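Student: Before we go through this chain together, could you set out the terms we will rely on and then take my questions in turn?

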Amino acid sequence: MKDLINRGILYLLCLVPFLHNFLSLSCIAVCLAVLSLNCLISCLPSQKYICILTLLYAILAIPFPYLTYFLPLCFYNIDIAHKKNLPVFILLAGTSCICFWHTAPEQTGYMIIVILTACLLQYYHKEIHNTKNQFHKYRDDSVEASLYLKEKHNALLAQQDYELHVATLTERNRIAREIHDNVGHLLTSSILQTGALQVINKDQLLDSPLQNLSDTLNCAMTSVRSSVHDLHEDALDLKKTLTALLNYMTGFEKELVYELWEEPGKDIRYAFSAISKEALNNVRKHSNATKIKIHVREHPAFYQLIIADNGTNIGPIRDTGIGLANMRERIENLEGNIHFSTKRGFCISVSVMKGAKQ
């Protein structure tokens, strides 16, 4: 918009002496033609084409004097800030001198002033344009940096939450192990001692107290086992477990894709972990594969586990094998589906609905 205003001002300044010296229908046609050419030049995207049209106009102004009055528009078209436009500017200045040779001195002075005005307008227009571009660049860089810092901040928060989650699970495992190794062993010893006392006891008055003691200890042992079992299963981090399993597979090219929005239930986590462990054991013992990939994904309605390798010495699939049969049984207990494929290596594909047993 600013460029069009500058061109309009220069056009009016050029129009004043032109109409003073030439006033006819043909002159009006020339004014309209120059105006159209000026609008065309303002729409051209390349400075190269602008320079060519400008020089052609300046050359035409030599045999047609009435075109001389609009030469300031030609100077406005040339961006003198670029050194490559300097020869064009010199040619334009030389052509203008030839055109002004037969012009009255007062008109020549007026045109020189308008030409200087055109050059100043061109210079300041480019400066303003470059300043705006620089401002937009700084603004875009600032927004980009802000988004980057925000993303890093969210990543740090997610990493902090993950490390806290891992620390919590590790502590749960430690507590479960301590209960199992200490309290569990003490209760087991007490149960055995109570059973021995019941065997050697000959006083009928102690039969009932000893039986009650044995029942209490057995109940406590059952409760401890249940608590340890729940603590251990709740502490199972599927991603950490799969990562550890893959790290154990040395000598293979490994890939783990873990895309879960939230952790599935403990039964699904335990099943996926057990199937992955069995599958990797089979690869290490029976396959000539060099690549292993595990993909765990969450879909709107189900969880998916894919374990694949690029092995070639694959025999016929037999569900009667203990490993594959156990995999199928685990998934069927969760009302899911499991599929074995040998098209490109060996692939195990598992899907379990989100509404399955948790």
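Tutor: A residue is called buried when its relative accessible area is under 20%, exposed when that area is over 50%, and partly exposed in between. The model before us is predicted, and R297, at 25% relative accessibility, therefore counts as partly exposed.

Student: How many helices and how many strands are there in the chain?

Tutor: The elements are numbered from the N terminus, and one of them is helix 6, which spans residues 105-200. Counted over the chain, there are five strands, and the helices number 10.

Student: What share of the residues in the chain is buried?

Tutor: The chain has 358 residues, and its accessible surface comes to about 22600 Å², with 62% of that area belonging to carbon and sulfur atoms. Among contacts with a separation of 6 or more, 68% are between residues 24 or more positions apart. The buried residues make up 34%.

Student: Which residue meets E259 in a salt bridge, and where does that residue lie?

Tutor: A salt bridge requires a side-chain nitrogen of Lys or Arg within 4 Å of a carboxyl oxygen of Asp or Glu, and the E259 pair has an N to O distance of 3.2 Å. The pair links distant parts of the chain, since E259 belongs to strand 1 (residues 253-259) and its partner, 38 residues away, to strand 2 (residues 291-298). E259 is partly exposed at 42% relative accessibility, and the residue it meets in the salt bridge is R297.

Student: Why are K137 and D141 separated by about one helical turn?

Tutor: The side chains of K137 and D141 meet in a salt bridge at 3.1 Å, N to O. K137 is partly exposed with a relative accessible area of 45%, and D141 is partly exposed with 36%. Both residues belong to helix 6, and the separation is about one helical turn because along that helix they are four residues apart.

Student: What is the N to O distance in the salt bridge of D140 and R139?

Tutor: D140 is partly exposed, with a relative accessible area of 43%, and R139 is likewise partly exposed, with a relative accessible area of 43%. Four salt bridges are counted by the 4 Å rule, and the side chains of D140 and R139 meet in a salt bridge at an N to O distance of 3.9 Å.

Student: Are helix 8 and helix 9 roughly parallel or roughly antiparallel to each other?

Tutor: Two packed helices are described by the angle between their axes and the distance between the axes. For helix 8 (residues 238-248) and helix 9 (residues 266-286), the axes are 10 Å apart and the angle is about 5°. Angles under 35 degrees count as roughly parallel, and helix 8 and helix 9 are therefore roughly parallel.

Student: How do the residues of the contact of helix 8 with helix 9 divide into nonpolar, polar and charged?

Tutor: On the helix 8 side the contact includes L238, L242 and Y248, and on the helix 9 side it includes F272, S276 and R284. The residues of this contact divide into three charged, three polar and seven nonpolar.

Student: What is the phi of E335, and where is this residue found?

Tutor: Most residues other than glycine have a negative phi. E335 is found in the loop between helix 10 (322-333) and strand 4 (337-341), where it is exposed, with a relative accessible area of 65%. Although E335 is not a glycine, its phi is positive, at about 60°.

Student: Is I115 buried or exposed?

Tutor: I115 is found in helix 6, and its C-alpha is 7.9 Å from that of L73, which is 42 residues away in sequence. The cut-off for a buried residue is under 20% relative accessible area, so I115, at 10%, counts as buried.

Student: Which residues is S351 in contact with, leaving aside its neighbours within four places in sequence?

Tutor: S351 has its place in strand 5 (residues 347-353), and at 22% relative accessibility S351 counts as partly exposed. With neighbours within four places in sequence left aside, the contacts of S351 are F302, Y303, Q304, I331, G336 and N337.

Notes: Residues numbered from 1 in each chain as written. Predicted model: local features only at pLDDT ≥ 70, side-chain atom pairs only at ≥ 80, totals over all residues. Heavy atoms only, no water. Helix = DSSP H or I, 4+ residues; strand = E, 2+ residues; numbered from the N terminus. Buried < 20%, exposed > 50% of the residue type's maximum accessible area, 1.4 Å probe, protein only. Contact = heavy atoms within 4.5 Å. Areas by Shrake-Rupley, 256 points an atom, 1.4 Å probe, with all protein chains shown as cover. Axes fitted to C-alpha atoms, helices over the stretch in contact; angles between N-to-C directions. Parallel < 35°, antiparallel > 145°, perpendicular 65-115°, else oblique. Nonpolar A, V, L, I, M, F, W, Y, C, P; charged D, E, K, R; others polar.
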